[in-house]
Amino acid sequence: MPRRSDGEGSKGSAAHSEPVAPARRAGRGLDRRGGGRLIPAFTLFSMPVQAYAGKECVCQLRKGICDSSCVRDMLETPLYIACLRLSGRPCLVVGGGKVGLEKVEGLLICGGEVTLVAPQAVPELAAYAREGSIRWERREFLDSDLDGKFMAVAATGATEVNISVYEGAERRTMLCNVVDVPPLCNFILPAIVRSGPLAIAISTAGASPALAKRLKREIAQAYGEPYAQLAVILNEARGWAKATLPTYQDRKEFFEGIVNGKPDPVELIKAGRKDEVATLIEAAKETHAAAAR
């Protein structure tokens, strides 16, 4: 079963995530436009944006020569937070190392149909391919690998490969995340606390993955299984509420009265008194049904 991935709070660096061939000179044999040609998986350096200062700009700002302003402006860019339904959607992961494994497992947990592109892969990814959980293309990245995909994640230490994935995704107006390189992402992956149906996302807009990890740890301790159990219990009452209470405001008051009422349903669950939560809900049903008549 796939482990649950952290997103922003992930361990490790994409710069060393994939076993690759010995280093070659950057740019040799490279077709930056893609066009179906192979993109060599060069072993270069970790690619924080500072490495581009004074060089050709490769981020969304398209400034010609990089001045690293994409990093300076990152915290001023509001992010639209959303939860995606990936079930049955084709997703691409480029890079077969430990970070690639983490991203693949996160997509599998959410029902994504994953294609992995990497000349080599860690044993866990190879096992997923053997059992049919993912499709593994054992070769270098091709621009055409992006065709028909809903989302792409690049988890390699090869700068030019990561840039090629990003630029190809941008041409197709598709979702793209290059691990540890926010300027080459049109979405970022927050740290996630999951318990049953409960999912809490934590993001520092890429400013500090270490802080996101700490927040994830503390939130997991504060909001865990009792909250997830309450979410399941309340979901069971949604059908009744929709069928009985005629307006959104009526349903809002019904559920908020339970969640914020006395006694506290979370504390009852923590004390092992789930039957009393059911009693609270039944009492609330009678009160709100009478008011709706």
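Reply: Two strands are taken to pair if DSSP finds at least two bridges between them. Helices (H or I, at least four residues) and strands (E, at least two) are DSSP runs, numbered from the N terminus. The model is predicted: local features need pLDDT of at least 70, side-chain atom pairs count only at pLDDT 80 or more, and totals for chains, interfaces and linings use all residues. Residues are numbered from 1 along each chain as its sequence is written, and side-chain values use heavy atoms, with hydrogens and water left out.

On those terms, strand E6 (residues 151-154) pairs with strand E7 (residues 175-178) in the parallel sense, over 4 bridges. Within the pair, Val-153 stands opposite Asn-177 in E7. Between the two strands the chain passes through helix H4 (residues 159-171), and this β-α-β crossover is right-handed. Right-handed means that, with the strands pointing away from the viewer, the path from the first strand over the helix to the second runs clockwise.

The loop between H4 and E7 holds Thr-173. Thr-173 has a positive phi of about 50 degrees although it is not a glycine. Accessibility is sorted as buried (under 20% relative accessible area), exposed (over 50%) or partly exposed (in between), with a 1.4 Å probe and protein chains only. Thr-173, at 72% relative accessibility, counts as exposed.

Arg-172 forms a salt bridge with Asp-147, the closest N and O atoms being 2.8 Å apart. The pair links distant parts of the chain: Arg-172 is in the loop between H4 and E7, Asp-147 is in the loop between strand E5 (141-142) and E6, and they are 25 residues apart. A salt bridge here is a side-chain nitrogen of Lys or Arg within 4 Å of a carboxyl oxygen of Asp or Glu. Both partners are partly exposed: Arg-172 has a relative accessible area of 26%, and Asp-147 is at 44%.

The structure holds 13 salt bridges. Arg-135, Glu-137, Arg-139 and Asp-145 are linked in a network of them. In the bridge between Arg-139 and Glu-137, the closest N and O atoms are 3.9 Å apart; Arg-139 is partly exposed at 24% relative accessibility. Another bridge joins Glu-256 to Lys-252, with closest N and O atoms 3.4 Å apart. Those two residues lie in helix H8 (residues 248-259), 4 residues apart, about one turn of the helix. Glu-256 is partly exposed at 39%, as is Lys-252 at 29%.

E6 also takes part in covering another helix. The buried residues of H2 are covered by elements including strand E2 (90-94), strand E3 (113-117), helix H3 (123-131) and E6, where contact means heavy atoms within 4.5 Å. Of the 12 residues of H2, 10 are buried, so the helix is largely enclosed by the rest of the structure. Among them are Val-99, Leu-101, Val-104, Leu-107 and Leu-108, together with the charged Glu-102, Lys-103 and Glu-105. After H2 comes Gly-111, with a positive phi near 85 degrees.
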